[in-house]
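This report covers helix packing and pockets in one model. Please keep the structure in view while reading.

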Amino acid sequence: MRRNRLIYGLLIIFTIILGVASRKYTSYLPVSIAPFVGDSLWALMVFFMMGYIFKDKSTYTIATYALIFSYLIEISQLYHAPWIDHIRSIKLFSLILGHGFLWSDLVCYGIGIIIGVTLEKIYK
């Protein structure tokens, strides 16, 4: 599969906007899913980023890369040294690296990536 980088770039930007909106307008989301939407969108964005970077790889390879990357970021949240916690205190890096490990985030990442795979298969 060959991906159009312009489209994937726009998908990344759109997903970031949705992710920020999901945090800002949490009260408009159902209470049962509100805490999880941002993490799922984060993983969807990672999926689109992997598709942008590795434009010729298969959908499932992109999904694997995105899942591994997302899981490694989550696992890195178990490590708390002053230097990394300082980096995490900066807003931009906080959004990328997160703060604390949660098992539910791993599930959300899977959901976000499944959404990406589904969208790519539908619009292929």
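## Basis

A pocket here is an open set of points on a 1 Å grid over the protein atoms alone, with protein on both sides within 12 Å along at least five of seven lines. Points count where a 1.4 Å probe fits, and lining residues have an atom within 4 Å of a point.

The model is predicted: local features need pLDDT of at least 70, side-chain atom pairs count only at pLDDT 80 or more, and totals for chains, interfaces and linings use all residues. Residues are numbered from 1 along each chain as its sequence is written, and side-chain values use heavy atoms, with hydrogens and water left out.

## Largest pocket

The largest pocket has a volume of about 730 Å³ (the space filled by probe spheres set on the points, which are joined across faces, edges and corners). Its lining takes in 30 residues, and R23, W42, S94, L95 and I96 lie nearest the centre. Two or more lining residues come from each of α1, α2, α3 (59-76), α5 (91-97) and α6 (103-122). Helices are DSSP runs of H or I, at least four residues, numbered from the N terminus.

α2 gives the largest share of this lining, nine residues. By class, the lining of the largest pocket holds 17 nonpolar, eight polar and five charged residues. (Ala, Val, Leu, Ile, Met, Phe, Trp, Tyr, Cys and Pro count as nonpolar; Asp, Glu, Lys and Arg as charged; the others, Gly among them, as polar.)

## Second largest pocket

α1, α2 and α6 each give two or more residues. Eight of the lining residues are nonpolar, two polar and four charged.

## α1 against α2

Helix α1 (residues 5-24) and helix α2 (residues 34-53) have axes that come within 9 Å and cross at roughly 165 degrees. That makes α1 roughly antiparallel to α2 (an angle over 145 degrees). Axes are lines fitted to C-alpha atoms over the stretch in contact, and angles run from 0 to 180 degrees between N-to-C directions.

Contact means heavy atoms within 4.5 Å. Among the α1 residues that meet α2 are Y8, L11 and R23. The residues of the contact of α1 with α2 divide into 14 nonpolar, six polar and three charged.

## α2 against α6

α2 and α6 pack at about 50 degrees, their axes 7 Å apart. They are therefore oblique to each other. On the α2 side, the contact includes W42, F47 and F48; on the α6 side, it includes Y109, I113 and E120. This contact of α2 with α6 has 13 nonpolar, four polar and three charged residues.

Key
Parallel < 35°, antiparallel > 145°, perpendicular 65-115°, else oblique.
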